[in-house]
Amino acid sequence: MQEQNILIIKLGALGDVILRTGTVMSIHERFPNAKITVMTTKPFVSLFKSMSCVSDVIVDTKPRYNLLEWFKTCKINIADKKWDYIFDLQVSKRTRNRYFNLVRFFSPFPVNWGCYRKKGFSFRFVEKNKRFSLGKITTSEMDFDFLPVDLSFLKGEGKNFNLLPDKPFMLVIPGCSASHPYKRWPAEKYLELVLSAEKKGIPTVVLGTNAESAEIEQICKNSKAISFQNKASLFDIPELAKRACAVVGNDTGPVHMSCYSKTPVLVLFCQKTASSANELPNVLNLISEDISDILVNDVWTAVQERMKVAEK
């Protein structure tokens, strides 16, 4: 049997990429002998390369107005190659409309483009035998039993794990995308939470990058919390969460990664993004119209209750 070629498109963001790793594994399970290529953006290349079911990774620069970049992305990377299936996990205007229509026009091969939905994929099959034509479209559905997310393939180096407390600690993740400030619980409230934990003898580790430096500095300078700013790689996060007794953070990628440990995780949401809340049994989502309205006492009470349940 001839090897099938499959392209999976997933550009970002981190939380969404993590959620779709199970989908990538599901596609591999459905087509175990296929060569799977993933198109993604630069920050997630190493993540997809670490998945044993992925054979190759294409970097998408997400072109805006540069016609040459559009040409490279859609014609050279997609349209010039013969794919048995293209699975669009991004399902954005960029991929669903622009990429699809450009590939449809430039490709000399039939195009079988599937857009992700909760129970499978909606396919648009373009019948083609020459370039520079739109071809005829027929539609179909492909149902899937999607596998749960399993991040065991991520093997971090743990270079700075010697800085972690010797006893169970609370992991705090106070950041999120700089373009979504409404998703950030105030740093002063995180500080209050950390001080509440200290009174109970629970140390805190604060995780983040330079993007959260102001929040991390405010928390760590006014408490005994350990700063883990720029001290953990993406691949370290599952193990870091596993070692914690609880994780508290905003609606952001590292928090969503932590959800797939067995550790109790509290995720703080504003109503605007609450649709991305995870319903795993170890996860509690605290949601308010304005995230700053979530009370420290409510978060601390929930942390203690969840830790008690986890200890049983």
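A residue counts as buried when its relative accessible area is under 20%, as exposed when that area is over 50%, and as partly exposed in between. The model described here is predicted.

With those terms in hand, helix H6 (residues 213–221) can be read by its two sides. Its buried residues are Glu-215, Ile-216, Ile-219 and Cys-220. Around the helix axis these residues cover an arc of only 115°, which places them on the same side of H6. The face turned away from that buried side carries Ala-214 and Lys-221, both of them exposed.

Across the whole structure, a search finds 20 aromatic pairs. One of them joins Phe-31 and Phe-87 in a tilted arrangement, with 6.2 Å from centre to centre and 50° between the planes. This pair links distant parts of the chain, since Phe-31 belongs to the loop between helix H1 (14–30) and strand E2 (35–40), whereas Phe-87 belongs to strand E4 (residues 85–88), 56 residues apart. Phe-31 and Phe-87 are both buried.

Phe-87 also pairs with Phe-123, and because their planes stand at 80° with the ring centres 5.6 Å apart, this pair is edge-to-face. As Phe-87 lies in strand E4 and Phe-123 in strand E6 (residues 120–127), the contact ties together parts of the chain that are 36 residues apart in sequence. Phe-87 has a relative accessibility of 0% and therefore counts as buried, and Phe-123, at 3%, counts as buried too. Ring pairs extend these contacts into a cluster that links Phe-31, Tyr-85, Phe-87, Tyr-116, Phe-121, Phe-123, Phe-144 and Phe-146.

| Charged residue | Ring | Distance from the ring centre |
|---|---|---|
| Arg-124 | Phe-100 | 3.7 Å |
| Lys-272 | Tyr-182 | 4.3 Å |

On the surface, Leu-68, Phe-71 and Ile-76 form a nonpolar patch, whose accessible area together is about 260 Å². Phe-71 lies in helix H3 (residues 67–79), and because its relative accessible area is 35%, Phe-71 is partly exposed.

How values were computed
Residues are numbered from 1 along each chain as its sequence is written. This is a predicted model: local features need pLDDT of at least 70, side-chain atom pairs count only at pLDDT 80 or more; totals for chains, interfaces and linings use all residues. Side-chain values use heavy atoms; hydrogens and water are left out. Rings of Phe, Tyr and Trp (its six-membered ring) pair if their centres lie within 6.5 Å; planes under 30 degrees apart count as stacked, over 60 as edge-to-face and the rest as tilted. Helices (H or I, at least four residues) and strands (E, at least two) are DSSP runs, numbered from the N terminus. Buried means under 20% relative accessible area, exposed over 50%, partly exposed in between (1.4 Å probe, protein chains only). A charge sits over a ring if NZ of Lys or CZ of Arg is within 6 Å of the ring centre and within 35 degrees of the ring normal. Patches are made of residues with over 30% relative accessible area and no salt bridge: like charges are joined within 9 Å, nonpolar side chains (Val, Leu, Ile, Met, Phe, Trp, Tyr) within 5 Å. Accessible areas come from the Shrake-Rupley method with a 1.4 Å probe; for residues, only the protein chains shown count as cover. A salt bridge is a side-chain nitrogen of Lys or Arg within 4 Å of a carboxyl oxygen of Asp or Glu. The arc is that of the directions from the helix axis to the C-beta atoms.
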